[in-house]
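Visitor: I'd like to go through this one with you, a question at a time. Could you put it up first?

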Amino acid sequence: MKRIIRNHKVRQFHQAKWDEPVIFELHQTGERGVIPPGTEDAVAAEVGSMESLIPASMQRSTAPALPEIGQAKVLRHYLRLSQETLGSDMNVEIGQGTCTMKYIPRINEMLIRNPRMTELHPLQDIDSVQGMLEVFHNLDLAMREISGMDAFSFQPSSGTQALLAMASIVRAYHDSRGEGARRDEIITTIFSHPSQAATAAVKGYKIITLHPDEDGFPDLEKLKNAVSERTAGFVVANPEDTGIYNHRIREFTDVVHAAGGVCYYDQANANGLLGITRAKEAGFDMCFFNLHKTFAAPHMCGGPATGALGVTEELKPFLPGPLVDLDADGRYVLTEQGEGSIGKVRSFHGVAQTVLRSYAWIMSLGAEGLKDVAQVAVLNNNYLYHKILQIRGASAPYIKGRRLEQVRYSWKQLTDETGVTTEDITRRMCDFGLHYWTSHHPYIVPQPFTLEPTESYSKEDLDEYIQALEHISHEAYTYPEIVKSAPHSSTVHRNDESSLDDPQQWCITWRAYLKKTQPELQEQK
Amino acid sequence: MADNRTYAHPYIPNTVPEVRDAMLKEIGLTSMDQLHDAIPDSLKLNREMNLPPAMNEYELRRHIDGLLAKNKHGADYLNFLGAGCWQHFIPAVCDEINQRSEFVTAYAGEPYEDHGRFQALFEYQSLLAELVDMDVVNVPTFDWAQAASTAIRMAGRMTGRKTALLPRSVDPDKVAIIRNYCTPVMDIQYIEIDPATGRMDLQDLRGKLNDDVAAVYFENPGYLGIIEDQGAEISALVHGVNGVSIVGVDPISLGVLDPPGRYGADIICGDLQPLGMHMNYGGGQAGFIATRDEEKYVMEYPSRLFGIVPTEVEGEYGFGDVAYERTSFALREKGKESVGTQTALWGITAGVYLSLLGPAGMQEVGSTIIQKSHYAAKRLSDIPGVSLRFEGAFFKEFVVDFNNTGLTVAEINGRLMEQGIFGGKNLSAAYPAWGECALYCVTEIHTQSDLDRLAAALRSIVANHPDRS
């Protein structure tokens, strides 16, 4: 046979396209997906019918209009939808900057499926969950060493919930000192995650947002002007979403402390810092890590997850409870928090599976491996950065020189010269089996994109991603229409989004879609 | 990086020395340490972290399996704990779907590369909408407590008022979460409950309703298992002061219990965990919020709301974010509360569960639960000294009063554990006025013989106690 020539520079990809109906369209009256456990005849004879046990006014009169579908058809439908989803397992997912999409070790996914994990009730007697509590305690110890903080809670179940918990602790701390009413401002930066500002606002704070200096650093002079006797707290990521590390961070925390504020650290961008530098030495009073980012728990389509929240000894009384402790007899116990605590932010103890996964991940790396993670994440990023800057139309605003684990880039030149926007490129990257993200809003960097290669990808993986971007840049300068009209090899084509902001037209459920688009069906009913 | 490493770490391909060196050279560096030059020495750790040594995959497996072996679990113990996390039957297809690599590792993809994720979550919204009989359901939030907290804050914004009322029968832990989330913007106050029935004291409610009440929140079934059958009256009373009626529900009851919209609820919330999620030591929780399809409600959701749209090709379903500009993703502190990673995979799983159960399955599972819980309650209250704390209807949980046994709940639960049974949640600390009471949970997973075994164990524990009055 002839030799098969494989010399294309970008992957010849097509996403799965099953043309799958919405699940209600699979309905066939009488089909069953599963039969739940039933009531024994003797039980029914003794207690009577369901109807006899529910007050007449509370009985459901018409069955929910759920579809009736045989089991194989349900399975097939959802398997097809899964195939139409590009999980990070399937692609070189360096395009979701700020989110640290790293390899999810399969052993950890196996470990969490142990029934001695999945079938635990959170209120079981502590003597029956010593293994689980030991995992919580061991992860707490590791997190303390990684951050320099003195105690961790794993109750917050995302970065956003950890930020909410930290803003709550700021309020409880100032209330405990009688300064709660006066200290009503929280300072953040524009290159930080929107949830920093949003969660502080949920807790009733006025938000002061600092913009960067011309090199992209948070502006120390602006901070000095912003702090006052009204300052409750300062929340920042470092590096910020630009990948620029603020080397003067200790001066920032000193300024805020001098004004009486609490400094809390969003460590969503910690992947380049493990074993290198810590929250404590930078002067922070609190920090959190996303276990589903830096510590290799999966993102699960958007949770469940964990925002591991660490505090100094001084703020420990304010943590949500209970906390896991080891008593003098070597027994793991749950210690309730006192009156000063913010109470709780999530039911029970948080997402225990994520705690187990991240503990397993740390145990598979050790101190040396964690430092390897940080160094290789920064190496990969700077390699990528070096190559991206060679692509026509791409740039990286602000300070020249090295970045840590990610970079926020700009296609401004490409857009000015070709009319192709960063959103167009988002859709075109799908055609090569790759994910690409722009930035949070507002777009301070024009036509932004944010890449974070983590430690998980090989040089060849990075080169594939770079080549795809080069290819699209070339298309933009030679045949921009193919980029603007993308995607071409995806499950579906461009959405008509005109209905999404119109209350008369938006359809958030199938029943709303039927009512709004086929009112005649409703009339027949 | 250690120079003496003899092999690359399996999770870090570029620890291969030749590759590492080539990449360093490409960016003009000669050592790995230079990568962190931006960090001042004064902030560097400059020592190795004190952590246990790394394990290989097999060692790790032995280590973790060894730790987990110390746990006793609800599959080999007979479990009657509920109180916000419940042991239910989980169809195998639910696990198969939520263990799919694509769903486990997806995150923030676009509607094109992640069409399946968008469709699965839109379907979840649509299926739950049928169960709760509302036209709008969100992409799920953290848990029931968060859903209730957000429902209350939504009502606060809609009405411009600062007070929310809820009955004293709501789980104290849930109230702690609600209070923290609402402080200092809203004030949470209790309505008393009828000591005999556990239902809301409407007299007390009437006295507390005024022009500053944004919402009344109540549950069906409540934390103590009780069916609140005064819903229509409660909703009418709160509507009478132009407030919002919020009802929290256990969705697995809605095959047999009336959906709250039929008794006046404006916002419905609850926990998805009963719909296909393992207990996972509390890691299976996921909160939902549902409302009518009215702009004034939809625009107050902080959550993502996925909508169905046409694409430029006829015949294709597309999906996208509805009213994205309301969210904190778009507006930072000016958005509605905050949004981020929550519990999307549990939403997809709940959708699979409802697809499998269908209308008949939901009705059957609700019937089975209520019959079995009543059977257990009857068996237990036949035991001398043991009674039910409340009269009236309940769903899957009920409060058992042990005050006349001469034993504490802690003592009883300790003896039950010796017999391989997790007794009900001890309520004596949370509700000291009731003395020694426990909250028992019975679901479709319990067989008649399981329930008889519980009753026999309790009977023997109580009978053998010399001090029984």
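**Working chat: charged side chains and chain B**

Guide: A:R402 is found in the loop between α11 and β10 (407–410) of chain A. Helices (H or I, at least four residues) and strands (E, at least two) are DSSP runs, numbered from the N terminus. This is a predicted model: local features need pLDDT of at least 70, side-chain atom pairs count only at pLDDT 80 or more, and totals for chains, interfaces and linings use all residues. Residues are numbered from 1 along each chain as its sequence is written, chains are lettered from A and ligands numbered from 1 in the order in which they are written, and side-chain values use heavy atoms, with hydrogens and water left out.

Visitor: Is A:R402 buried or exposed, or partly exposed?

Guide: A:R402 is partly exposed, at 34% relative accessibility. Buried means under 20% relative accessible area, exposed over 50%, partly exposed in between (1.4 Å probe, protein chains only).

Visitor: What is A:R402 in contact with?

Guide: Neighbours within four places in sequence aside, the contacts of A:R402 are A:N382, A:Y385, B:L29, B:Q34, B:L35 and B:D37. Contact means heavy atoms within 4.5 Å.

Visitor: Which side chain of chain B makes a polar contact with A:R402?

Guide: The side chain of B:D37, at 3.0 Å. The A:R402 side chain also reaches the backbone oxygen of B:Q34, at 3.0 Å. A polar contact is a pair of N or O atoms within 3.5 Å; within protein, one must be able to donate a hydrogen and the other to accept it, and residues adjacent in sequence count only if both atoms are side-chain atoms.

Visitor: New topic. Where is A:K344?

Guide: A:K344 sits in the loop between β9 (332–335) and α11 (352–388) of chain A. A:K344 is buried yet has no salt bridge. A salt bridge is a side-chain nitrogen of Lys or Arg within 4 Å of a carboxyl oxygen of Asp or Glu.

Visitor: What's the nearest side chain of opposite charge?

Guide: B:D173, 4.5 Å away. Lys and Arg count as positive and Asp and Glu as negative; His and the chain ends are not counted.

Visitor: Which backbone oxygens does the A:K344 side chain reach?

Guide: That of A:G321 at 3.1 Å, and that of A:F348 at 2.9 Å. Beyond four places in sequence, the contacts of A:K344 include A:Q155, A:P320, B:A176 and B:N180.

Visitor: How many salt bridges over all chains?

Guide: The count comes to 61. One of them pairs A:E145 with B:R47, at 2.7 Å from N to O. That pair crosses between chains, from helix α6 (residues 130–147) of chain A to the loop between α1 (17–26) and α2 (57–68) of chain B. A:E145 is buried at 13% relative accessible area, whereas B:R47 is partly exposed at 40%.

Visitor: What about B:R262 and B:D133?

Guide: Their side chains meet in a salt bridge, 3.2 Å from N to O. B:R262 lies in the loop between β6 (244–249) and β7 (267–271) of chain B and B:D133 in the loop between α5 (115–132) and β2 (136–137), so the pair ties together parts 129 residues apart in sequence. B:R262 is partly exposed at 36%, and B:D133 is partly exposed at 27%.

Visitor: And which residue does B:E300 bridge to?

Guide: B:R157, with the closest N and O atoms 2.6 Å apart. B:E300 is in the loop between α10 (295–298) and β9 (306–310) of chain B, and B:R157 is in helix α6 (residues 144–159) of chain B, 143 residues apart. B:E300 is buried at 11% relative accessibility, while B:R157 is partly exposed at 30%.

Visitor: Last topic, chain B as a whole. How is chain B divided?

Guide: Into domain 1 (1–51), domain 2 (78–86 + 360–468) and domain 3 (92–354). Domain bounds come from an automatic or database domain assignment. The C-alpha centres of domain 1 and domain 3 lie 47 Å apart. Chain B has 14 helices and 15 strands. Of its 469 residues, 66% count as buried.

Visitor: What pLDDT does chain B average?

Guide: Chain B averages 96, and 98% of the residues score at least 70. pLDDT is the predictor's confidence in each residue, from 0 to 100. For the complex, the predictor gives an ipTM of 0.98 and a pTM of 0.98.
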